[in-house]
Amino acid sequence: MVATREKSQKELELLEAARKLIPALKARAEQADRELKVPDETVADMQEAGLFQAMQPKRFGGLELDPRAFFDIQMTLAEGCMSTAWIYGVMGVHPWQLARYPLQAQEDVWGEDPKTLVGSTYMPVAKVTVVDGGYRISGRWGFSSGSEHCKWTLLGGIIPPDANGEGSEHGTFLVPRSDYRIERNWDVLGLRGTGSHDIVVEDAFVPAHRVQRTNNTSMEATPGRLVNTSPLYAIPFAQVFTRAVSSSCLGALQGAINEFSANAAKHIGKHGAKTAEDPLAQEVVADAVLTLDQLKLVLERNFEHLWQMAERNEFPDVETRLLYRYQSAHVTNVCAEKVNQLLRCMAASGLYNSNPVARTFRDLHQARGHISNNVAAFGRAFGAVQLGLPNPDPYV
């Protein structure tokens with residue numbers, strides 16, 4: 001990524017560690033697709049390299065790095081395997097969210113093992129009952145990426161209104177592995193290795209300190225910020241999480257450009273023409289590189305702005321929040337389009353399942369289906385506010 005800041009030595013070390021993993025990730029990509037799970041060896045490699053600690057609080061062995069470092073790592077991993085980068089984005093962003101929970105919740109998860117991984121599925125389907133000391137929840141959630149690698153999960157639900165009928169809003173319930181089961185039902189077109197299976201909970205108790213009002217950035221709603229004081233934890237939830245499920249697309253596009261370029265240099269079609277000499281191939285790869293550079297610059301600029309606002313303890317206005325969310329979702333559409341063009345230039349030989357560009361094509365189109373990547377909905381929300389209407393997106 002073109003940077004507007006100087007990377008720290010630790011960031012450079014983590015990026016180098018991620019880059020060294022790329023050959024292994026490429027070699028294991030087919031296994032991940034076949035087994036519907038990123039291999040345990042890959043997660044162990046990322047753990048050993050300290051990649052999951054990027055945005056974890058220092059008090060639990062984390063590094064509290066700038067989000068841009070986290071996304072750089074994710075994009076680098078995606079050059080080798082987008083499923084791996086996807087679960088890294090999801091599981092790697094949870095230490096950032098957990099840092100905003102009460103300290104007791106952080107100790108529940110990391111007290112014995114600070115490398116404990118947390119999964120999630122935020123769809124607000126929980127059946128929630130208020131009880132003494134917290135809540136009882138039940139439900140079935142879909143799309144929990146990397147769930148089989150995790151010992152805890154974050155589950156979405158609507159926190160009931162108080163006695164006055166006020167305060168109902170989206171909440172995130174932190175639940176240990178002993179209180180839920182995983183139903184392996186992830187059999188899809190792309191991102192197969194993410195293992196985004198269903199989570200089922202049957203009447204589990206969640207103490208109040210393990211529940212967070214997801215989109216509320218006030219100190220009252222994010223008490224962990226009293227002990228984890230880095231500006232990192234003052235950035236709005238929606239801005240950080242949405243990029244965690246779109247930035248792997250940028251790295252995947254770079255990986256596809258790399259594969260396409262290597263193939264074009266040596267591939268000769270059935271009619272005797274070399275792909276590298278095809279004017280259309282030249283135009284398409286140039287356009288893909290140009291587009292990728294632009295998308296990365298927007299990510300860099302947006303988080304420079306968000307970081308500066310967090311340092312000043314300021315909250316971005318609704319237009320900014322909606323624009324940045326829209327730009328995050330827009331990434332998936334554009335990357336899918338550019339890889340589609342690259343794949344077309346590979347002609348019939350590019351359509352084999354073994355072709356890494358074909359896998360990236362499938363993965364990117366799967367990524368477009370995530371609710372946080374619904375570019376049309378977020379474009380309408382931003383457009384409505386631009387035209388003077390109220391914000392229709394409660395998530396932002």
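Which residue in E6 does Glu183 stand opposite? I looked this up before anything else. Glu183 stands opposite Asp198.

**Ground rules.** I am working on a predicted model, where local features need pLDDT of at least 70, side-chain atom pairs count only at pLDDT 80 or more, and totals for chains, interfaces and linings use all residues. Residues are numbered from 1 along each chain as its sequence is written, and side-chain values use heavy atoms, with hydrogens and water left out.

**Entry 1: strand E6.** I took helices (H or I, at least four residues) and strands (E, at least two) as DSSP runs numbered from the N terminus. Strand E6 covers residues 197-207. I checked its burial, with buried meaning under 20% relative accessible area, exposed over 50% and partly exposed in between (1.4 Å probe, protein chains only). Eight of the 11 residues of E6 are buried.

Next I looked for its partners. Two strands pair if DSSP finds at least two bridges between them. Strand E2 (residues 134-144) runs antiparallel to E6, with eight bridges between them. I picked out Ile137, whose bridge partner in E6 is Ala204. Strand E5 (residues 181-183) is also antiparallel to E6 and is joined to E6 by three bridges. I noted one general point here: side chains in a regular strand alternate between the two faces of the sheet.

**Entry 2: salt bridges.** I used this cut-off: a side-chain nitrogen of Lys or Arg within 4 Å of a carboxyl oxygen of Asp or Glu. The search of the whole structure gave 25 salt bridges.

I started with Arg68 and Glu304, which meet at 2.6 Å, N to O. Arg68 is in helix H3 and Glu304 in helix H8, so this pair links parts of the chain 236 residues apart. Arg68 counts as buried at 2% relative accessibility. Glu304 has 23% and counts as partly exposed.

I then went back to the strands. Arg181 forms a salt bridge with Glu202, with the closest N and O atoms 2.9 Å apart. Arg181 lies in E5 and Glu202 in E6, so the pair ties together parts 21 residues apart in sequence. Arg181 is partly exposed at 37%, whereas Glu202 is exposed at 58%.

I also checked Glu337 and Lys338. Their closest N and O atoms are 3.7 Å apart, in a salt bridge. Glu337 is partly exposed at 40%. Lys338 is buried at 9%. Which residues do salt bridges with shared partners join into one network? I found Arg140, Arg181, Glu183, Asp198 and Glu202.

**Entry 3: aromatic rings.** I counted rings of Phe, Tyr and Trp (its six-membered ring) as paired if their centres lie within 6.5 Å; planes under 30 degrees apart are stacked, over 60 edge-to-face and the rest tilted. The count came to 13 aromatic pairs. I opened one of them, Phe71 with Phe303: a tilted pair, 5.2 Å centre to centre, with 55° between the planes. Phe71 lies in helix H3 (residues 67-78) and Phe303 in helix H8 (residues 279-311), so the pair ties together parts 232 residues apart in sequence. Both residues are buried. Phe71 and Phe303 belong to one aromatic cluster with Phe52, Phe70 and Tyr88.

I looked at a charge over a ring too (NZ of Lys or CZ of Arg within 6 Å of the ring centre and within 35 degrees of the ring normal). The charged end of Arg325 sits over the ring of Phe378, 3.7 Å from its centre.

**Entry 4: Leu292.** Still in helix H8, I checked Leu292. Leu292 is buried, with 3% relative accessible area.

**Entry 5: positive phi.** Most residues other than glycine have a negative phi. I noted two with positive values. Leu36 has a phi of about 55°. Leu36 sits in the loop between helix H1 (9-35) and helix H2 (40-48), and is buried at 13%. Glu64 has a phi near 50°. Glu64 is in the loop between H2 and H3 and counts as buried at 18%.
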